[in-house]
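Let's take a friendly tour of a protein model with two chains. Please keep the picture open as you read.

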Amino acid sequence: MSDAILDVRDVVVEYTTSGEPARAVDHVSFTLDRGEFLGIVGESGCGKSTLLFAIAQLLSPPAQLVSGEVIFKGRNMVGLREGELRSIRWRDYSVVMQSAMNALNPVKTVSAQFDDTMRAHGQTNAAGIRTRSREVMALVGIDAIHLKSYPHQLSGGMRQRVMIAMALLLSPDLVVMDEPTSALDVVAQRSLMVQIKELQRKLGFAVIFVTHDMSLVGHFSDRLAVMYAGKIVEIGPTRPLFAAPQHPYTRGLLDSFPSVYGPKVALKGIPGSPPDLTDLPSGCRFRPRCGSVMARCAEVEPALYPSGDTRARCLLFEETV
Amino acid sequence: MTDLTASAIADHAPLLQTVGLTRHFRIGGLFSNAKLHAVDDLSLTIRPREIVAVVGESGSGKSTIARLLAKVYEPTDGDILFRGRSLHDVKSRRDVLAYRGQVPMVLQDPFASLNPVHTIGYALDRGLALHQPTLTATEREAEAIRALEAVGLSPARQVLAKYPHEMSGGQRQRVGFAQALSYKPKLVLADEPVSMLDVSIRIGVLNLMARLCEEEGISFLYITHDIASARYVAHRIVVMYAGRVAETGPTEEVLRRPVHPYTRLLLSAVPDPKAPITITAADTGEPPRVVNPGPGCRFRQRCPLAIAICATVTPDLTEAVVPGHMAACHVTAPEAGMVA
């Protein structure tokens with residue numbers, strides 16, 4: 001892929017506490033094209049947010065990037081000094097966090113926070129800042145009058161929109177989002193997703209969207225990566241992945257969402273719970289919960305094998321290589 | 001106000017029934033007159049062996065209903081009848097404990113609802129000692145073991161000795177159900193029991209509810225914001241909007257032929273990869289805070305079908321096509337406005 005904007009290579013992140021380090025992200029690699037929308041899904045503790053923090057170079061102790069490279073626009077971001085990162089952040093890539101109430105400064109108006117961001121990146125023309133602030137507010141569909149509002153005066157949905165507006169201030173090429181809709185009600189959630197997708201189409205930035213709710217990104221992402229216990233277990237184009245999931249975990253996840261459409265069917269979900277990252281089972285990590293488990297699963301750690309339209313980390317697909 | 005019980009199936013006497021149940025909260029300072037209308041004029045019927053889902057967004061009043069039924073809040077107006085007896089008469093500590101044993105609550109957060117310094121066995125034993133005071137210690141233990149096994153936690157004897165931190169979220173939520181179950185309840189109030197759990201574990205807990213209803217004959221009030229999970233387990237559904245019932249009826253019927261514009265909006269917003277995208281970004285999905293509301297439909301500001309009468313007359317629940325399927329809307333259920 002020549003058009004890759006981001007190339008994540010063999011990233012390993014560990015949390016070092018007393019005792020065994022917990023490897024939250026274990027040799028994760030993928031690439032992201034310009035203007036592509038990648039969804040990363042998985043349950044709590046699968047390492048999806050840690051991966052996102054590693055990409056954005058926001059890890060702080062006890063989390064530590066042990067090895068791997070994050071190549072963004074041709075430049076390895078791992079090991080860059082804070083000053084260098086600061087000039088890239090917001091300008092080339094921006095981050096939208098889960099809880100806007102914690103990410104926004106409660107004692108400053110929206111416009112003051114926009115102003116800070118722009119000035120930190122060398123935009124000092126007050127009139128220019130004002131115009132741009134109005135522009136991004138219009139983009140996310142909030143009346144410019146709210147530039148004078150404090151975060152607590154906005155509703156949950158509006159705060160998330162302000163966060164997205166702020167992320168778009170300097171027209172970045174990549175916007176990284178960590179469950180930006182999880183605190184919202186369904187209607188607000190769907191409306192925000194539609195808006196993110198429209199903005200992405202219009203402005204052409206790439207998106208990495210992390211969520212625990214696989215069904216949420218079904219309509220919006222181009223590609224989907226499913227994580228389990230620190231590893232990508234399946235990755236591929238969204239539509240085929242939903243239509244014909246390959247990995248037993250992906251199948252189980254999809255079998256965990258009741259639908260409001262079609263005939264009512266009994267669902268099984270997945271038995272058991274995700275493993276402790278400091279005490280992983282040998283071989284395949286999903287083995288103890290898997291319905292298709294074989295003897296070899298305990299011995300061999302599977303790689304990502306192509307299967308159908310996706311690639312899946314499961315020995316069932318080994319022979320197709 | 002139409003009485004919902006009129007449409008109740010005659011051979012099923014209601015287990016619990018609310019009549020014009022209303023709860024307001026005073027908000028603001030000492031001299032403030034502002035009242036938040038959390039629940040207004042709710043008439044709800046739960047029959048034996050029935051799972052009733054209350055669906056709504058945050059602020060719709062759904063958790064207030066659970067707390068009213070659990071006697072955590074006293075109603076501002078209206079009444080709750082449990083097996084024909086008014087809860088206004090359930091006053092003494094003994095009566096309240098007995099009632100809560102028959103109508104226990106399962107809470108949303110399994111990480112906060114168990115005391116971390118006590119074992120599961122202690123938690124179950126203590127609840128039983130309160131709600132089933134006639135049992136001996138051995139009987140209590142036997143009952144705790146039965147309840148743990150009924151919710152699929154085995155070997156139960158080992159679970160009794162465990163501390164909450166030794167169990168996963170799904171297991172802890174099962175302990176919550178075991179606790180409720182051990183009191184031999186008639187109705188369990190489950191307030192968002194799966195929303196804190198991982199998706200792969202949720203279905204197991206929903207299946208547990210369905211099984212307990214079927215095998216033990218327990219009714220459930222299932223409070224949720226997730227309409228798809230409501231469809232999965234509930235026999236009947238109540239869609240709340242801003243403290244009022246927007247639509248209610250047999251689950252499949254309501255979801256297949258939604259009458260109220262709000263139910264339609266809610267259905268169109270459910271994340272479902274199999275569904276078509278129908279929603280526009282125009283509706284940003286902000287339910288109102290209902291402080292000192294006047295008359296009129298509370299959904300009208302967001303409603304694509306609103307007409308003049310919606311601003312002046314509060315729509316009553318009226319029967320739609322099928323008996324028991326009711327909606328409160330002037331436009332889609334036109335007779336409603338005339339009755340007022």
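In chain A, four strands make an open sheet in the order 2-1-4-5, with antiparallel pairing. Strands here are DSSP runs of E of at least two residues, helices are runs of H or I of at least four residues, and both are numbered from the N terminus. Two strands pair if DSSP finds at least two bridges between them.

This is a predicted model, in which local features need pLDDT of at least 70, side-chain atom pairs count only at pLDDT 80 or more, and totals for chains, interfaces and linings use all residues. Residues are numbered from 1 along each chain as its sequence is written, while chains are lettered from A and ligands numbered from 1 in the order in which they are written.

**The sheet of chain A**

- Strand 2 (22-33) and strand 5 (75-76) of chain A are the edge strands, and each pairs on one side only.
- Strand 1 (residues 4-15) of chain A runs antiparallel to strand 2 of chain A, and eight bridges join them.
- For one example of facing residues, look at Val13(A), which stands opposite Val25(A) in strand 2 of chain A.

**The sheet of chain B**

- An open sheet of eight strands in chain B has the order 7-8-9-4-10-11-13-12, with mixed pairing.
- Strand 7 (105-106) and strand 12 (318-319) of chain B are at the edges with a single partner strand each, so one side of each has no neighbour in the sheet.
- Strand 7 of chain B pairs with strand 8 (residues 187-191) of chain B in the parallel sense, over two bridges.
- Val106(B) has Ala190(B), in strand 8 of chain B, as its bridge partner.
- Helix 7 of chain B lies across strand 4 (51-55), strand 8 and strand 9 (219-224) of chain B, and runs at about 160° to strand 9 of chain B.

**Two helices packed in chain A**

- Two packed helices are described by the angle between their axes and the distance between the axes.
- The axes of helix 4 (residues 110-120) and helix 5 (residues 126-139) of chain A come within 10 Å and cross at roughly 120°; axes are lines fitted to C-alpha atoms, for helices over the stretch in contact, and angles run from 0 to 180 degrees between N-to-C directions.
- Helix 4 and helix 5 of chain A are therefore oblique to each other (under 35 degrees counts as roughly parallel, over 145 as roughly antiparallel, 65 to 115 as roughly perpendicular and the rest as oblique).
- On the side of helix 4 of chain A, the contact is made by Ser111(A), Phe114(A), Asp115(A) and Met118(A), and on the side of helix 5 of chain A by Ile129(A), Arg132(A) and Ser133(A); residues are in contact if their C-beta atoms, placed from the backbone, lie within 7 Å.

**Where the chains meet**

- In contact across the two chains are 35 residues of chain B and 36 residues of chain A.
- Helix 7 of chain B gives the largest share of the side of chain B that touches chain A, with six residues.
- Helix 7 (residues 186-203) of chain A and helix 10 (residues 261-269) of chain B have axes that come within 8 Å and cross at roughly 50°.
- Their contact is made by Val186(A), Val187(A) and Arg190(A) from helix 7 of chain A, and Leu265(B), Leu266(B) and Ala269(B) from helix 10 of chain B.
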